[in-house]
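Please look at the sequence and the model before reading on.

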Amino acid sequence: MIRIAKTSRLTTDEIIHRACTFFGEGGEGLKQTSRQDCCVSFAGGGAHVAVFVAGENTHRTVEVESQELEYQAKRFLESV
């Protein structure tokens with residue numbers, strides 16, 4: 001399991017949208033299990049990924065928690 005974070009200048013909506021594209025059915029093929037304004041979770045095939053976004057100004061903290069998809073979690077953070 002890995003839990004990593006970085007800051008981003010993207011909006012919260014953009015980050016959540018990118019997470020859905022990256023980890024969802026069109027990307028890694030995981031099923032979205034929950035979604036709120038600040039976070040989204042995915043699961044499938046024994047893997048679990050959760051993306052959390054915090055901050056309101058020009059910089060947001062993006063945190064990714066992943067089980068079984070550590071490499072993909074790191075790649076996603078590079079893209080935001």
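How many bridges join β4 to β5? In this predicted model, the two strands run antiparallel and are joined by 7 bridges.

## Sheet

The sheet is open and has 5 strands, in the order β1-β5-β4-β3-β2, with antiparallel pairing. Its edges are β1 (2–8) and β2 (31–35), each of which pairs on one side only. On average, neighbouring strands of this sheet are turned by 15° against each other, direction ignored.

β1 is paired with β5 (residues 60–67) through 7 bridges, in the antiparallel sense. Within this pairing, R3 has E65 of β5 as its bridge partner.

## Hairpins

β3 (residues 39–44) and β4 (residues 47–54) are antiparallel and share 6 bridges. A43 lies opposite H48 of β4. The hairpin of β3 and β4 has 2 residues between the strands, and G45 takes a positive phi near 60° there.

A hairpin is also formed by β4 and β5, with 5 residues between them. In its turn, G55 has a positive phi of about 115°.

## Helix contact

Two packed helices are described by the angle between their axes and the distance between the axes. For α1 and α2 (residues 70–79), the axes come within 11 Å and cross at roughly 140°. The two helices are therefore oblique to each other, since the cut-off for roughly antiparallel is over 145 degrees. The crossing of α1 past α2 is right-handed.

On the α1 side, the contact is made by I15, R18, A19, F22 and F23. On the α2 side, Q72, A73, R75, F76 and S79 take part. By class, the residues of this contact divide into 6 nonpolar, 2 polar and 2 charged.

## Residue T12

T12 is placed in helix α1, which spans residues 12–23. Is T12 buried or exposed? Its relative accessibility is 18%, so T12 counts as buried, the cut-off being under 20%.

Leaving aside residues up to four places away in sequence, T12 touches D37, C38, V53, G55 and R60.

Conventions. Residues are numbered from 1 along each chain as its sequence is written. This is a predicted model: local features need pLDDT of at least 70, side-chain atom pairs count only at pLDDT 80 or more; totals for chains, interfaces and linings use all residues. Side-chain values use heavy atoms; hydrogens and water are left out. Helices (H or I, at least four residues) and strands (E, at least two) are DSSP runs, numbered from the N terminus. Buried means under 20% relative accessible area, exposed over 50%, partly exposed in between (1.4 Å probe, protein chains only). Contact means heavy atoms within 4.5 Å. Two strands pair if DSSP finds at least two bridges between them. Axes are lines fitted to C-alpha atoms, for helices over the stretch in contact, and angles run from 0 to 180 degrees between N-to-C directions. Angles under 35 degrees count as roughly parallel, over 145 as roughly antiparallel, 65 to 115 as roughly perpendicular and the rest as oblique. A crossing is left-handed if the near helix is turned anticlockwise from the far one by less than a right angle, and right-handed if clockwise. Ala, Val, Leu, Ile, Met, Phe, Trp, Tyr, Cys and Pro count as nonpolar, Asp, Glu, Lys and Arg as charged, and the others, Gly among them, as polar.
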